Amino acid sequence: LQRNPGETEFHQAVLEVLDSLGPVVRKHPAYGDARVIARLCEPERQIIFRVPWVDDKGRIEIFRGFRVEFNSALGPYKGGLRFHPSVLLGTVKFLGFEQIFKNALTGLPIGGAKGGSDFDPKDRSDMEIMRFCQSFMTELYRHIGEYTDVPAGDIGVGGREIGYLFGQYKRITNRYESAVLTGKGIGWGGSQVRREATGYGTAVFVEEMLRTKGGSFDGEKVVVSGSGNVAIYAMEKVHQLGGTVVACSDSSGYVYDERGIDVELLKDVKEVRRARISQYAEERGARFVAGGSIWDVPCRVALPCATQNELDGAGALALVRNGCVAVGEGANMPTTPEAVQVFREAGVLFAPGKAANAGGVATSALEMQQNASRDSWSFEHTEGRLEEIMRGIHERCAATADEYDVPGNYVLGANAAAFVQVAEAMLAQGVI
Ligand code: NDP
């Protein structure tokens with residue numbers, strides 16, 4: 001904590017993992033001798049850079065760019081880029097740290113990293129987004145590559161931004177290196193299902209979790225926070241599985257829709273017109289609650305899919321009071337430690353993000369596979385692979401929780417299973 005002052009989100013992420021590792025280190029004393037935990041908590045490389053560019057009014061603007069290459073024991077660094085005004089070094093470090101374990105759980109050969117900028121893409125023109133992305137890549141290009149570090153999207157970085165970033169990388173390097181970025185367009189090296197993968201995967205994981213108690217999404221009311229990439233496709237899959245999503249949100253408030261969210265209309269509002277959720281409510285004739293807590297809406301299953309620490313102790317108590325039986329994190333660390341404690345005490349099934357939302361990065365690794373073999377798979381085949389991976393992660397977390405005598409504790413299951421895999425690779429590769 002003293003070496004990384006002020007990085008509160010990073011501290012929170014590390015403490016959450018360390019909380020699970022006591023029994024693991026007792027079982028494997030070699031990890032302690034090799035100081036695996038101390039090494040894991042120190043990123044292999046951290047890059048901070050200036051991103052200067054000229055806006056539509058001809059003004060020079062300066063933002064800060066980050067890439068934290070955290071751990072490459074299992075493969076090239078892999079993790080998204082976030083463009084949001086709240087991004088600080090500690091934010092990127094928390095996300096990069098989580099990414100190490102998430103990527104390990106996929107069973108695919110990818111290390112952990114994260115990056116981004118404090119740039120806010122909201123209300124910027126297409127040309128401003130393009131110029132910003134070009135300036136960002138003008139520094140980032142020297143640190144990334146198919147065999148080094150493969151960024152992708154995250155909050156504020158979707159298909160449009162990946163396109164501009166890829167274009168600039170290609171222009172600077174004079175290489176059509178498809179697998180240097182994932183989340184590309186389908187016509188130029190992207191993978192089917194990548195856009196849907198994180199949300200779909202979260203719903204599939206939670207369905208598996210519900211099944212352990214004889215339940216499923218079928219016929220259940222569900223609340224999904226956020227209305228971005230992860231939230232939209234989590235809603236779509238919940239509806240395919242027979243559930244009804246009655247509320248979703250953005251940072252201005254939430255919409256309540258007893259008939260179920262109309263996902264096609266929501267996609268048009270958010271993805272095509274880039275408008276706000278209040279616009280959806282108006283067009284759909286649904287109720288918009290400005291600034292309210294979405295967790296007050298009664299549901300059986302809650303999927304926080306917006307951002308870190310959005311579901312606090314009070315939100316968790318409201319969910320439990322209203323009969324919620326399962327929570328699955330589509331976002332990264334959306335649930336505060338107090339809220340996790342509330343769910344544990346109430347016996348609510350809880351799927352941590354590093355397991356439940358790993359479908360996005362897993363499909364990114366499938367995109368890299370397709371790029372490496374100059375191939376492109378069908379939607380059905382890719383979705384089949386994604387579902388197989390998500391069921392595998394669920395099985396691995398559940399089995400590891402059983403192994404440590406805490407059945408149903410997916411937090412410990414995910415942390416322990418991922419940690420052992422990374423630690424074994426680090427031991428084999430020596431003190432580096
Ligand atoms: P998007 O930018 O597509 O959507 C983010 C959503 O969350 C928007 O509805 C946004 O509302 C809301 N939001 C963002 N920041 C805040 C905030 N500070 N307070 C309240 N609401 C906020 O991002 P994604 O859907 O891609 O990402 C959502 C979460 O999922 C993040 O935690 C991300 O790290 C995680 N994740 C994403 C993956 C992916 O494949 N995209 C993979 C794995 C995890 P508004 O528009 O009002 O800001």
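Where is Arg 374 found? Arg 374 sits in the loop between α14 (359-372) and α15 (379-403), where helices (H or I, at least four residues) and strands (E, at least two) are DSSP runs, numbered from the N terminus. Residues are numbered from 1 along each chain as its sequence is written. The model is a predicted one, in which local features need pLDDT of at least 70 and side-chain atom pairs count only at pLDDT 80 or more, while totals for chains, interfaces and linings use all residues.

The overall picture comes first. The protein chain holds 16 helices and twelve strands. Its C-alpha trace spans about 60 × 55 × 45 Å along the principal axes. A compact globule of 432 residues would have a radius of gyration near 22 Å, and the 21 Å of the protein chain agrees with this; the radius is taken over C-alpha atoms, and the globule rule is 2.2 Å times the number of residues to the power 0.38. Of the 432 residues, 51% are buried. Here a residue is buried if 20 or more other C-beta atoms lie within 10 Å of its own, exposed if 12 or fewer, and partly exposed in between, with C-beta atoms placed from the backbone. Two residues are in contact if their C-beta atoms, placed from the backbone, lie within 7 Å. Among contacts between residues at least 6 apart in sequence, 74% join residues at least 24 apart.

The domain assignment divides out domain 1 (8-178) and domain 2 (196-351), with bounds that come from an automatic or database domain assignment. The C-alpha centres of domain 1 and domain 2 are 26 Å apart. Nine residues from domain 1 and seven residues from domain 2 take part in the contact. On the side of domain 1 that touches domain 2, the elements giving two or more residues are α1 (8-27) and α4 (89-106). The largest share of that side, four residues, belongs to α1. By class, the residues on this side of domain 1 are four nonpolar, two polar and three charged. In this count Ala, Val, Leu, Ile, Met, Phe, Trp, Tyr, Cys and Pro are nonpolar, Asp, Glu, Lys and Arg are charged, and the others, Gly among them, are polar.

The ligand comes next. Domain 1 and domain 2 both give residues to the shell around the ligand, so the ligand lies between them. Of the 25 residues around the ligand, those that come nearest are Gly 228, Ser 251, Ala 306, Ala 331 and Gly 360; a residue is near a molecule or strand if its C-beta atom, placed from the backbone, lies within 6 Å of it. The shell has six nonpolar, 16 polar and three charged residues. Helix α8 (residues 229-240) provides the largest share of the shell, three residues.

From its first C-alpha to its last, the twelve residues of α8 reach 17 Å, close to the 16 Å expected at 1.5 Å a residue; the expected span is 1.5 Å times one less than the number of residues. Ten of the twelve residues of α8 are buried, so the helix is largely enclosed by the rest of the structure. Among them are Asn 229, Tyr 233, Glu 236 and Lys 237. The buried residues of α8 pack against α7 (194-211), β6 (221-225), β7 (244-250), α9 (263-272) and β10 (301-304). After α8 comes Gly 242, with a positive phi near 95°.

Most residues other than glycine have a negative phi, and most peptide bonds are trans. Arg 374 has a positive phi, near 50°, in a residue other than glycine, and with 8 C-beta neighbours inside 10 Å Arg 374 counts as exposed. Asp 405 is not a glycine either, yet its phi is positive, at about 60°. Asp 405 lies in the loop between α15 and α16 (410-428) and is exposed, with 9 other C-beta atoms within 10 Å. Asp 312 is placed in the loop between β10 and α11 (313-321), and its 17 C-beta neighbours inside 10 Å make Asp 312 partly exposed. Leaving aside neighbours within four places in sequence, Asp 312 is in contact with Thr 336, Glu 338 and Ala 339. Gln 279, in helix α10 (residues 277-284), counts as partly exposed with 16 C-beta neighbours inside 10 Å.
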